[in-house]
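Subject: Handing over the structure

Hello,

Here is the structure I promised to pass on to you. Please open it alongside this email, and then read on for what was found in it.

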Amino acid sequence: MNEMPSPHIVNVDESNFDYQVLAYSQKKPVIVDFWAEWCDPCRRITPVLERLTQESQGKYRLAKVNVDENTKLARRYQVHKLPAIKAFQNGQVIGELRGVQSSEQIRSFVRQIVPGPESLLMEKGQSLFHSADYPEAERVCREILEEQPNHPGATLLLAKSLLAQGEGDEAQFILERFPPSPEYKSAETLIPLAQAMQLSSEGSPSSRAEIDAVYQRAVRLIAMGNFPAALDGLLDVLRRDKRYRDGEAKEIVLGIFELLGDQHPLSKEYRPKLANILF
């Protein structure tokens with residue numbers, strides 16, 4: 001197959017794959033197009049990949065592998081069906097497409113692999129979030145999502161920014177509809193925290209039991225953004241009953257850690273305390 005002339009498109013074989021793909025992917029992503037002369041869908045997909053590579057102006061490399069001439073590479077990367085597209089970064093496969101794909105599906109795949117303008121905005125949003133400028137972090141996330149409505153990183157950071165502002169209702173709506181992605185587990189961890197904030201806004205039912213009163217106060221403190229006092233209250237609840245409300249108190253604590261991040265001083269201080277109580 002004739003390739004469109006570009007310094008960012010290379011034909012690769014078994015003799016230079018490790019250098020042209022694995023080593024090169026340490027500095028830039030490499031998308032590998034596994035193809036064959038007899039594969040009709042490959043003839044349609046390869047030109048799309050070449051055009052996108054030219055448009056990217058060097059943000060990534062496209063490496064083309066003829067599977068008939070490089071059977072060991074096909075076996076090594078378990079290419080059992082064509083077309084097969086695999087993305088490499090830091091020497092590892094980080095994404096793949098198998099079978100016939102539309103132009104838009106290929107473009108979407110490339111957008112996920114290759115840093116675009118939203119990457120700088122994400123960095124800005126994360127910096128604002130860690131600086132506790134939650135309203136501005138929220139604004140940046142919404143800006144990204146206007147261009148890429150399903151961007152998982154921006155969606156997760158938006159939910160976190162809302163939670164940090166005590167907006168549990170919208171955050172819960174977002175988290176419960178989170179798209180499948182590497183960020184899904186983080187979103188799932190945050191749901192009990194969002195539910196607790198929503199409970200606080202609706203008004204917790206009163207209880208004369210002391211442990212319930214401590215728990216309800218902790219939930220109100222979460223919505224107010226007073227995480228140190230809320231964590232103290234929740235750990236007090238767990239000291240009395242490790243399985244309080246079927247583990248709800250523990251899940252909320254884990255949600256706070258997820259919101260703040262592993263490097264936050266409160267996470268570092270309270271995570272060992274939680275472990276000591278539970279184990």
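Let me begin with Arg240, which is partly exposed at a relative accessible area of 41%. On the terms used here, buried means under 20% relative accessible area, exposed means over 50%, and partly exposed is what lies in between (1.4 Å probe, protein chains only).

Before going further, a word on the source: this is a predicted model, in which local features need pLDDT of at least 70 and side-chain atom pairs count only at pLDDT 80 or more, while totals for chains, interfaces and linings use all residues. Residues are numbered from 1 along each chain as its sequence is written, and side-chain values use heavy atoms, with hydrogens and water left out.

Salt bridges

Back to Arg240: a salt bridge joins Arg240 to Asp236, with the closest N and O atoms 3.1 Å apart. A salt bridge here is a side-chain nitrogen of Lys or Arg within 4 Å of a carboxyl oxygen of Asp or Glu. The two residues are four apart in helix α11 (residues 227-240), so about one helical turn separates Arg240 and Asp236. Helices (H or I, at least four residues) and strands (E, at least two) are DSSP runs, numbered from the N terminus. Asp236 is also partly exposed, at 24% relative accessibility.

By the rule above, the count comes to 17 salt bridges.

Finally, Lys86, Glu96 and Arg98 are linked in a network of salt bridges.

Strands

Five of the six residues of β4 are buried, so the strand is mostly covered. Two strands are said to pair if DSSP finds at least two bridges between them. Strand β2 (residues 30-35) pairs with β4 in the antiparallel sense over five bridges, and Phe34 has Ala84 in β4 as its bridge partner. Strand β5 (residues 92-98) also runs antiparallel to β4, with six bridges joining them; there, Phe88 stands opposite Val93 in β5. The hairpin of β4 and β5 has two residues between the strands, and in this hairpin Asn90 takes a positive phi near 55°.

Helices

Helix α6 (residues 134-147) has 14 residues, which at 1.5 Å a residue should span 20 Å; the end C-alpha atoms are 21 Å apart, which agrees. The expected span is 1.5 Å times one less than the number of residues in the helix. Ala137, Glu138, Val140, Cys141, Ile144 and Leu145 are buried in α6. Seen down the axis of α6, the buried residues fall within an arc of 165°, so they line one face of the helix. That arc is taken from the directions from the helix axis to the C-beta atoms. On the other side of α6, Glu146 and Glu147 are exposed.

Helix α10 (residues 210-223) has 14 residues too, and reaches 21 Å from its first C-alpha to its last, close to the 20 Å expected. Its buried residues include Ile211, Tyr215 and Leu221. Just after α10, Gly225 takes a positive phi of about 85°.

The disulfide

How many disulfides are there? With a disulfide taken as a pair of cysteine sulfur atoms within 2.5 Å, the count comes to one. It is formed by Cys39 and Cys42, with their sulfur atoms 2.4 Å apart. The link of Cys39 and Cys42 is right-handed, with 80° about the S-S bond. Cys39 is buried at a relative accessible area of 3%, and Cys42 is buried at 1%.
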